[in-house]
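Open the model in a viewer and keep the selection tool at hand. The stops below say what to select next and what is there.

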Amino acid sequence: MFQFIFRRLSLVIPTFLGITLLTFTLIRLIPGDPIEVMAGERGVSAERHAELSAQLGFDQPLYMQYYNYVTGVLQGDLGNSLITREPVMKEFLTLFPATIELAFCAAIFAILIGLPAGIFAAVKRGTVIDHSVMTFSLTGYSMPIFWWALLLMLVFSVNLGWTPVSGRIDVVYWIDDVTGFMLIDSLLSGEEGAFSSAVSHLILPSIVLGTIPMAVIARMTRSSMLEVLSEDYIRTARAKGIAPWRVIVIHALRNALIPVITVIGLQVGILLSGAILTETVFAWPGIGKWLIESIGRRDYPVVQGGILIVACIIIVVNLLVDITYGIVNPRIRHSR
Amino acid sequence: MTTSTKTSTTDIPLTAPVPMTPLQEFWHYFSSNKGAVAGLVVIAIICFMAVFANFVAPHSPSDQYRDALLLPPAWLDGGNWSFVLGTDDVGRDILSRLIYGSRLSIAVGLVAVTASLIMGILLGLIAGYFKGMIDTAIMRIVDIMLAMPSLLLAIAIVAILGPSIVNAALAISIVSLPHYVRLTRAATMAEMSRDYVTSSRVIGASPLRLMFICILPNCLAPLIVQATLGFSSAILDMAALGFLGLGAQPPTPEWGSMLADALQFVQRAWWVVTFPGLMILITVLAFNLMGDGLRDALDPKLKQ
């Protein structure tokens, strides 16, 4: 087991170095002199240019710059935003809970709908239910989620007035930032209606962000369930006279879930990139909106740092999924 | 009576069934999948619209009819049959813009898929054929690219190069590269151990001949499937980049940027928002349906 984990961990190091190399090159590929880009239209004097150059390490050879960059990154130093002058890491940490909250709710939505839908479709294979689940999931999979967001907003916020259009909570509430998670903070604040306001702000973005993962989970659950249901031990269980629901839920589902769990783990990447679009439409103050705004403002350290952090999160999650898979399934653990 | 029936049975010519040509066989499997055929039909229509946009579209995509701003679709009150799907905030015909937009989406999809297919096949063949250090190096880079969500990577690339259609297409082709490399490499490795490759090698075929003439044609099935599915993600990513303002720039009739322009009119004019998105959904869905059908028809092994 330790050998397996060690082997997987050793594969992460080159990937991490590759990503730092990518983000390191990113800022150097921008046409023009980086300092002049940072200074903007005002321009800089020659002395100031030299000073800044030394301060930012641009006067050193490239490999030293890269070495300094990587050691900085490992210590959590991603440089400062050009606009706010705040450390990128600090900005990231204040915005990240909003994205986690959204992604978490989206994942819950995707699992709550996708998993039963997939099971149902597999059990009722070939029926209308099966076909409609598969049609819906293929449609969900093909959905341009930014448009889906607008459509839902049009129907539920504009026409029906059931949910708010954007943001995390009504402006009338002033919630202290304790954990950064609005659902928890609004509960802690004890203000009447704050929690339900936070929930209603979350519903549409979660549905939008959860749509593609839901479709993927439903498809995967269906095919995995179909495979398991055709195995001999299921026939044995049925022949023994075990209640049909028990065969499906207790006997089949447990084994069918193994690949599904992997797929759920792999949705983190989809959730984080989907968050960029969802947050932009719903004005959700998370890292996706932050990244897009930073690109618009040409705030390169933020773009560089943000991409690096998101990529690292995905590497770590994929690693955890792999390791969990190895724990659950010994065949993976022992194969090379 | 008995004799006559006997003769009649022997009279029936007992010819062996004519074996289907590979193409017929493919069509047999493909056409049994209704969704795939529907996808193919929709794609054919969209391609027709794209190619003959000048003739099909009722108006120019950039003509502004100042007396017909935000006109609703024809079947609603206040609609006008000369603007079937209504007009946008500066009086441009939405239907015409959608038709011209299909030209852009198909073109971008074609360019992005072709570019990444060619690069992916080259890298995959090299990695699978030579193995060793080259293989490790190529696959590490591919792993790094796969660690990033494609949209994020595309955004990063466009952020460096600057927003434009060409850069967005380039970004999309780079982003989808890893899948082609992996597929080609895996297929190449599987083919390499086959007898026909060994015998060609013994006869003295050069590595280039082995790679492109012997191995490549046998790896094509999964690549064709991936290319079709790649088309749908290219169109989706292109629209997403356009929507974020990182792809096609405003006056261009691109589906994603049309949506972004329409954002401020969500409350007043639903049609400005609805139709471009519907167009994206239908196109992407058609490519996904056809891709699934192709996968089932071309490669039963991949069938789930």
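Start with the largest nonpolar core, which has 162 residues. This is a predicted model. Select A:Phe146 and B:Ala154, the residues with the most contacts inside this core. Then colour helix 12 of chain B, which supplies the largest share of the core, 17 residues. Domain 1 (1–75) and domain 2 (92–332) of chain A both contribute residues as well, so the core lies between them.

Stay on A:Phe146 and show what surrounds this residue. Leaving out residues up to four places away in sequence, A:Phe146 touches A:Leu277 and A:Val281 in its own chain, and B:Ala240, B:Phe243 and B:Leu259 in chain B. For the second, separate core, select A:Ile169, A:Met182, A:Ala194 and A:Phe195, which are among its six residues.

**Between the chains**

Next, select the contact between the two chains. Here 33 residues of chain B meet 37 residues of chain A. Which elements of chain B give two or more residues to this side? They are helix 6 (132–147), helix 7 (150–161), helix 10 (207–243) and helix 12 (270–298). Helix 12 of chain B gives the most, with ten residues. Colour this side of chain B by residue class: 25 residues are nonpolar, six are polar and two are charged.

**Inside chain A**

Across the boundary, 14 residues of domain 1 of chain A are in contact with twelve residues of domain 2. Select helix 1 (residues 2–29) of chain A, which gives the most to the domain 1 side, with eleven residues. By class, that side of domain 1 has ten nonpolar residues, three polar and one charged.

**Chain B on its own**

Finally, show chain B as a cartoon. How many helices and strands does chain B have? There are twelve helices and zero strands. Colour chain B by burial: 46% of its 304 residues count as buried. Of the contacts in chain B between residues at least 6 apart in sequence, 69% join residues at least 24 apart.

Note on methods
Residues are numbered from 1 along each chain as its sequence is written. Chains are lettered from A and ligands numbered from 1 in the order in which they are written. This is a predicted model: local features need pLDDT of at least 70, side-chain atom pairs count only at pLDDT 80 or more; totals for chains, interfaces and linings use all residues. Two residues are in contact if their C-beta atoms, placed from the backbone, lie within 7 Å. Helices (H or I, at least four residues) and strands (E, at least two) are DSSP runs, numbered from the N terminus. Ala, Val, Leu, Ile, Met, Phe, Trp, Tyr, Cys and Pro count as nonpolar, Asp, Glu, Lys and Arg as charged, and the others, Gly among them, as polar. A residue is buried if 20 or more other C-beta atoms lie within 10 Å of its own, exposed if 12 or fewer, and partly exposed in between; C-beta atoms are placed from the backbone. A nonpolar core is a set of buried Ala, Val, Leu, Ile, Met, Phe, Trp, Tyr and Cys residues joined through C-beta atoms within 7 Å. Domain bounds come from an automatic or database domain assignment.
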